[in-house]
Amino acid sequence: MSRLVIISNRVAVAKARGAAGAQGGLAGALNSALKKFGGIWFGWSGEEVEETTGHIQLHTNDGVTTATIDLSKHDVDEYYNGYANSTLWPLFHYRLDLTEYENETGRGYERVNETFAQSVTPLIDPDDLIWVHDYHLLPLGERLRARGVKNRIGFFLHTPWPPARLFVSLPYHERLVRTMLEYDVIGFQTDEWLGSFLHYCEKELGAEVDEATGRIAFEDRITHARAYPIGVDWDHIQEQCGTSEARQAGQRLLASTRHRSAMIGVDRLDYSKGLPERIDGISRFFDQNPDRVRDLIFIQIAPPSREDVGSYQRIRAELEQKTGQINGARSEVDIVPIRYVNRGHSLAELCGFYRASKICVVTPLRDGMNLVAKEYVAAQDPEDPGVLILSQFAGAAHQLTEAVLVNPHSPDNLSRAIRTALDMPLEERKRRYASMVKSVREEDIHSWTANFVGDLTSLGVDHVPV
Ligand code: G6P
C-alpha cells in the first residue's frame, strides 16, 4: 500500500481547535488516513522568522509524522496575507471589490510554492501518493513535477471556484490553471465549482473536456476533475456530544438564556460568512416581530482570523459596530439580544452549544462547503432536533436541501426564516432532520478521504518528468 504525503499551508494536529471546529474534523480525518496509510503531513509551521531557510522540523506524535518549515515575515506577507488571502480568497468568493492584484505578491506566492517543493521533495518516496490542499498551493504540483517528482499527485480545493468571467480578471490566470493541470486528480466541494473550472478549461484554455467524467485533456496531459463534498467526523462528534465538557457547555448556555430560544452562529470572522448581513436580518426580525423580541437570543461565536489583512480588520470593525448598535437599541435591563463572542471553542463545547440551540444560522454569501452546518445537524438530539437556517450559496446547501434555505443578502428573507424556525412544529423538525442527518452521517469525512484517495490511486498515471 502506498504512503500518503499530505501538503497544506497549515499542518493541523488532531487536537487542533479550528475556528469553527471544522478544522479539527479535517485534521482528525487526515490524521486517521495518515495512520492507516502511513506517511507525512507537510506545511508551514505558522512561525514567522527572519529568513526562510526551508529547514524541516520533523515531529512524530501518535503514529503521525508532521514536517514543517518556518517562513520569513516577508514571505508570509506576500504569500499568505498577500496573494493567498488578498487576491485568491476574495476572488474565489466572488468578491472582486476586495480582490487586490499585485505582481509582487504573485511572485512571493510562486517563491513560497517553490520553497515548499524544494523542502518536501527529499521526503517523497517513489510509491507515495501526494495530496495537496487548498488555494495557497495551486501551482505546487507543477513545481514538484519540475523537480522530477513522478508520483501521483492530487489536489483538493476547499473553497469555491469562481465562474470563468470572474476568474479571468486575475492577471496570469492562464498560467496558474496550466500549472494545476499537472495534477492527476483535482477535487472540488460541489458540482457548481467543478462546472466553473471545467468551463474555464474548455473556453479559455481550449482544453478537451468531457463533462460527464471530468476528464480534461490538455497538451500532453490528462487530469480528472471531480466533486468530493467534504463531510464531518460523525463518530467523533457523537463522542464529543457525550462528554461532560459538552454537557456543561450546553447547560451553561441554557441557564443563561432563561427559557428564551437560542439561535447560534459559529464562523471565522471573514467577510465571506455574511455576518453583517446576518445582523441586518436579525434586526429586521426584531422590527417585524416586536412581540418576539423576548423569545430569541442570538449568540455569534466569531474568532478573529487573518488579522494582518485590511479587509479582515474592516469586517471586524463593521460587525462590532452593528452588534453594538442593535444591542444599544434593543436591550432591556434583563435582555441583551445579541451575544458576540470573539474567541474559539473546542469541538466538545461547540457540540454542547449546538445541542442547546434551537436554531443554527449559517448564512455565508459564498462558501466552498461549510462544515458548521453539518456539525450542527450531527450534534442534534434526534427526539428534539433544532432547525438549520442555511444560505443557498453555501456548498452544503447542495446536500442539506431540507434546511430552511435563505438568500443571505435579503434581510426580509432571513427574518421570515427565523420566524419559521421558531414556530416549526416538532414533527416537521424531525422530518427535516431525518433527511439531513442521513447525508451528514453517510457522506462523512472518512468516505470523503477514501473516495479521493481511491480515485487518485485508480485514475492517476505514472509520469515522465517535465
Ligand atoms: C478556510 C481555508 C483553509 C484555512 C482555514 C483557516 O477553511 O479553506 O485552508 O486553513 O480557512 O484559515 P487560516 O488562514 O487561519 O488558515
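User: How far apart do the C-alpha centres of domain 1 and domain 2 lie?

Analyst: They lie 30 Å apart. Domain 1 covers 4-231 + 447-459 and domain 2 covers 234-442, with bounds from an automatic or database domain assignment. Keep in mind this is a predicted model: local features need pLDDT of at least 70, side-chain atom pairs count only at pLDDT 80 or more, and totals for chains, interfaces and linings use all residues. Residues are numbered from 1 along each chain as its sequence is written.

User: How many residues of domain 1 are in contact with domain 2?

Analyst: 24 residues of domain 1 are in contact with 27 residues of domain 2; contact means that C-beta atoms, placed from the backbone, lie within 7 Å. On the domain 1 side, α1 (22-37) and α2 (73-92) each supply at least two residues. Helices here are DSSP runs of H or I with at least four residues, strands are E runs with at least two, and numbering goes from the N terminus. That side of domain 1 divides into nine nonpolar, 13 polar and two charged residues. Ala, Val, Leu, Ile, Met, Phe, Trp, Tyr, Cys and Pro count as nonpolar, Asp, Glu, Lys and Arg as charged, and the others, Gly among them, as polar.

User: Switching topic: which residues surround the ligand?

Analyst: Arg10, Asp134, His158, Thr159, Ser305 and Arg306, going by a C-beta atom, placed from the backbone, within 6 Å. That shell has no nonpolar, three polar and three charged residues.

User: And what's the strand order in the open sheet of 10 strands?

Analyst: β3-β4-β2-β1-β5-β6-β7-β10-β9-β8, with mixed pairing; two strands pair if DSSP finds at least two bridges between them. The edges are β3 (57-61) and β8 (208-210), each pairing on one side only.

User: Why is β5 described as largely enclosed?

Analyst: Because five of the five residues of β5 (residues 129-133) are buried, meaning 20 or more other C-beta atoms within 10 Å of their own, all placed from the backbone (12 or fewer is exposed, in between is partly exposed). Leu129, Trp131 and His133 are on one side, with Ile130 and Val132 on the other.

User: Which strands pair with β5?

Analyst: β1 (residues 4-10) pairs with β5 in the parallel sense over four bridges, and isoleucine 6 has tryptophan 131 as its partner. Five bridges join β5 to β6 (residues 152-156), also running parallel, with histidine 133 partnered by phenylalanine 156.

Technical notes: Two residues are in contact if their C-beta atoms, placed from the backbone, lie within 7 Å.
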